[in-house]
Amino acid sequence: MPSFDSLFNAFVTILVTIDPPGLAPLFLAVTRGMNREERQQVSVRASVIGFLVMALFAIAGASILSVFGITLPAFRVAGGFLLFFIAFEMVFERRQDRKEKIGDVAITKDMIHNIAAFPLAIPLIAGPGAISATVLLSGHFEGFAAQAALVGIIFLCLVITYLVFVLSERIDRILGQTGRSILTRLLGVILAALAVQFVADGVRALMAA
């Protein structure tokens, strides 16, 4: 069984790479137009999917990537492109013109499921950074008990993420429609820069390989 220091370091590492506070405003942006119940469904589903993905990589991450011949730098590049696409839609509000169409567009179950899976669960929660950290940590957590402890740490981090999503609705009420519009565009620019950084880091690592 790993020491307390190892467990604590793993917890901090995974929590920082997931970055729940940083995900809260992104959660608000991609769930605009949803009511409280629909956002609850998205938050639960995104947290569960994120946990399952990260737990899978904690147990068999290195083996999964090697089977498909995928390197972590390549995964980072792909995740960066996906994030950039989402950022583009956030900046130009291509998802919907909420101000004019929010009353006419029905939020379907498929939309809730899709948003929870992409982009929330993947690549925002279980993104390149979090998966990379999980795979690297799994190398130090060998044996059934150690792997179970790592999965438990991931579960705790995803519970914290879920709670942040739930509290983000209060922030939404404070911001109002104008505040949300400004925040969405601002976060879109930041997310675009983050996506470019993901791609640049991945390309640099691929070139060095």
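Predicted model: local features only at pLDDT ≥ 70, side-chain atom pairs only at ≥ 80, totals over all residues.

Trainee: How many aromatic pairs does a search of the whole structure find?

Mentor: The search finds four aromatic pairs. In one of them, the ring centres of Phe27 and Phe165 are 4.5 Å apart and the planes lie at 15°, so this pair is stacked.

Trainee: Where in the chain do Phe27 and Phe165 sit?

Mentor: Phe27 belongs to helix H2, residues 20–30, and Phe165 to helix H8, residues 144–208. The two are 138 residues apart, and the pair thus links distant parts of the chain.

Trainee: Is Phe27 buried or exposed? And what about Phe165?

Mentor: Phe27 has a relative accessibility of 2% and therefore counts as buried. Phe165 is also buried, with a relative accessible area of 2%.

Trainee: What is the geometry of the pair formed by Phe51 and Phe155?

Mentor: The ring centres of Phe51 and Phe155 are 5.6 Å apart with the planes at 80°, so the pair is edge-to-face. This pair, too, links distant parts of the chain: Phe51 lies in helix H3, residues 36–68, and Phe155 in H8, 104 residues apart. Phe155 is partly exposed, its relative accessible area being 48%.

Trainee: Turning to H3, what span does it have between its end C-alpha atoms?

Mentor: H3 spans only 40 Å, whereas a straight helix of 33 residues would span 48 Å at 1.5 Å a residue. H3 also has a kink of about 90°, centred on Ala60.

Trainee: Which residue caps the N-terminal end of H3? And what comes just after the helix?

Mentor: Asn35 is the cap, with a side-chain oxygen 3.2 Å from the backbone nitrogen of Glu37. Just after H3, Gly69 adopts a positive phi of about 70°.

Trainee: On to pockets. What is the volume of the largest pocket, and which residues lie nearest its centre?

Mentor: The volume of the largest pocket is about 320 Å³. Its lining comprises 20 residues, and those nearest the centre are Asp19, Leu23, Leu26, Leu124 and Leu194.

Trainee: Which helices each supply at least two residues of that lining?

Mentor: They are helix H1 (4–18), H2, helix H6 (109–125), helix H7 (128–138) and H8. The largest share of the lining, five residues, comes from H8. H8 is also the helix that holds Phe165 and Phe155.

Methods. Residues numbered from 1 in each chain as written. Heavy atoms only, no water. Phe/Tyr/Trp six-rings, centres within 6.5 Å; stacked < 30°, edge-to-face > 60°. Helix = DSSP H or I, 4+ residues; strand = E, 2+ residues; numbered from the N terminus. Buried < 20%, exposed > 50% of the residue type's maximum accessible area, 1.4 Å probe, protein only. Expected span 1.5 Å × (residues − 1). Bend = angle between axes of the 7 residues up to and from the residue. Polar contact = N/O pair within 3.5 Å; in protein donor to acceptor, adjacent residues only side chain to side chain. 1 Å grid on protein atoms, 1.4 Å probe; cavity = no way out; pocket = protein on both sides within 12 Å on 5 of 7 lines; lining within 4 Å. Points joined across faces, edges and corners; volume = space filled by probe spheres on them.
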